[in-house]
Amino acid sequence: MRDDLLVFGTPKIEQEEIDEVVDTLRSGWLGTGPKVGRFESAFAAYKEAPYAAALNSCSAGLHLSLLVLDLKPGDEVITTPMTFCATVNAIIHAGGTPVLADVDPVTGNIDPRHIRHCITERTKVLLPVHYAGRACEMDPICALAAEHGLRIVEDCAHAIETEYRGRKAGTFGDIGAFSFYVTKNVATGEGGMVISSDQKLIARIRELALHGMSRDAWKRFEDSDKIHYTITEPGFKYNMMDLQAAIGIHQLARVEKNWLRRAQIWAAYSRELADLPITLPAPVVSDTRHAYHLFTIQVGEAEAGIDRDEFIRRMKKRLVSASVHYRSIPEFEYYQHRFGWRPQQWRNAMNIGRRTVSLPLSPRMSDADVESVIEATREILLGVRAARLPLPIAAGSGAGARIEQGDYAWVHDGD
Ligand SMILES: *Cc1c(COP(=O)(O)O)cnc(C)c1O
């Protein structure tokens with residue numbers, strides 16, 4: 001057993017980040033400045049996107065994305081119940097009405113068949129989330145958007161490295177929003193970015209992120225010295241600081257190296273936990289690239305003998321902190337009161353949300369850390385099994401691992 005707590009989602013900060021932050025502090029330019037510009041250019045290049053704007057969070061990115069798509073009160077935005085509350089809150093803040101489409105029970109991603117059933121004449125935007133770093137089925141989603149004249153905003157908080165059929169996540173729709181929160185694959189503490197191929201959308205997001213201030217608009221009034229700015233609309237305070245970009249520049253430079261390390265850990269978990277009475281993440285489909293953001297297992301009382309919460313408590317006793325991503329959105333009181341939602345209405349998301357556990361998956365983890373997670377998981381689940389012997393082991397062992405690629409064919413078979 002470990003002798004110190006393995007904290008969930010600690011970022012790997014190296015000397016370059018530390019030196020760059022110190023350089024920023026010495027320069028006296030802490031706020032939005034040249035380093036934010038450098039970070040934006042590097043991120044746009046990495047994502048093969050024409051335009052990028054750095055913000056102080058992905059939540060801000062989602063909020064502004066919906067605003068610049070001119071969401072009107074009552075406009076419906078279809079998203080997934082298997083996401084962080086920020087996705088749904090952004091829709092509410094932008095004045096829209098969130099509509100949930102259930103997820104695929106195997107992948108946890110929004111199911112295009114369910115999206116189709118949710119589309120009404122009020123639907124304006126589709127907001128898919130690439131859950132855990134696994135690409136959503138973007139072909140059918142884009143086809144639905146084209147068919148019904150809908151805009152697409154991608155929540156790419158988990159999906160910095162994700163690709164689908166050779167294309168980068170965040171470039172399928174009108175805007176892609178990314179997070180650099182501490183636990184995310186590129187971490188700046190707090191931070192976010194939006195990308196788009198539409199220069200006008202990005203320009204308006206930039207203005208809205210800084211109070212709605214514009215120096216360009218003022219040019220029209222022939223103030224060529226740009227002494228003054230004007231206010232084009234009431235904006236927000238959502239800009240990124242150079243202090244954050246200083247970290248992000250070096251985190252991004254190491255994004256592929258860190259991805260490789262997480263891929264190794266992912267493979268070790270998949271191999272070493274395959275015989276346990278739990279469900280592992282669905283295998284990665286060819287022609288897509290998984291960002292390996294979350295390694296989620298499902299622990300159900302019927303198969304494992306203990307429920308998810310008890311599993312987490314026992315992991316904590318073994319000094320491994322595991323986390324939950326996510327209880328489905330309709331489990332939360334506010335949404336139940338406001339929209340009358342009940343978890344049972346989105347059964348797949350509810351089932352995943354009540355069983356899912358994310359094991360630590362950080363490039364900072366040593367081989368010994370990885371071993372300790374595997375050991376703790378095996379001890380707990382085999383311990384339960386031993387205590388139940390000689391009862392036969394329930395079915396469902398490693399169910400995810402047995403899903404073949406052909407099982408995804410439904411997406412294209414003419415629904
Ligand atoms: C983290 C996260 C967000 C919010 O990102 P912030 O940068 O913390 O605002 C939004 N959506 C999903 C799916 C997330 O995981």
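Predicted model: local features only at pLDDT ≥ 70, side-chain atom pairs only at ≥ 80, totals over all residues.
Asparagine 351 is partly exposed, with a relative accessible area of 36% (buried means under 20%, exposed over 50%, partly exposed in between, with a 1.4 Å probe and protein chains only). Asparagine 351 belongs to helix α14, residues 347-355. Helices (H or I, at least four residues) and strands (E, at least two) are DSSP runs, numbered from the N terminus.

Residues are numbered from 1 along each chain as its sequence is written, and side-chain values use heavy atoms, leaving out hydrogens and water.

**Aromatic rings**

- A pair of aromatic rings is described by the distance of the centres and the angle of the planes.
- Rings of Phe, Tyr and Trp (its six-membered ring) pair if their centres lie within 6.5 Å; planes under 30 degrees apart count as stacked, over 60 as edge-to-face and the rest as tilted.
- The count by this rule is 17 aromatic pairs.
- In one of them, the rings of phenylalanine 84 and tyrosine 326 have centres 6.1 Å apart and planes at 35°, so the pair is tilted.
- This pair links distant parts of the chain, 242 residues apart. Phenylalanine 84 is in the loop between β2 (76-79) and α4 (85-93), and tyrosine 326 is in the loop between α12 (308-317) and α13 (333-339).
- Phenylalanine 84 is partly exposed at 45% relative accessible area, whereas tyrosine 326 is buried at 10%.
- Phenylalanine 236 and tyrosine 238 form a stacked pair, 5.2 Å centre to centre with 10° between the planes.
- Phenylalanine 236 is partly exposed at 27% relative accessibility, and tyrosine 238 is buried at 19%.
- One aromatic cluster is made of Phe332, Tyr334, Tyr335, Phe339, Trp341 and Trp346.

**Charges over rings**

- A charge sits over a ring if NZ of Lys or CZ of Arg is within 6 Å of the ring centre and within 35 degrees of the ring normal.
- Arginine 167 lies over the face of phenylalanine 172, 4.5 Å from the ring centre.
- Arginine 327 has its charged end over the ring of phenylalanine 332, 5.0 Å from the centre.

**Two domains**

- The chain is divided into domain 1 (15-254) and domain 2 (256-387), with bounds from an automatic or database domain assignment.
- Their centres, taken over C-alpha atoms, are 27 Å apart.
- The contact (heavy atoms within 4.5 Å) takes 36 residues from domain 1 and 36 residues from domain 2.
- About 3100 Å² is buried between the domains, and carbon and sulfur atoms give 57% of this area. Buried area is the accessible area (1.4 Å probe) that two parts lose on being put together, summed over both.
- Across this interface the rule finds two salt bridges (a side-chain nitrogen of Lys or Arg within 4 Å of a carboxyl oxygen of Asp or Glu).

**Backbone exceptions**

- Most residues other than glycine have a negative phi, and most peptide bonds are trans.
- The peptide bond from histidine 325 to tyrosine 326 is cis, with omega near 0°.
- Aspartate 287 is not a glycine, yet has a positive phi of about 75°. Aspartate 287 also forms a salt bridge with arginine 165, with the closest N and O atoms 3.7 Å apart.
- Tyrosine 292, also not a glycine, has a positive phi of about 50°. Tyrosine 292 is buried at 13% relative accessibility.
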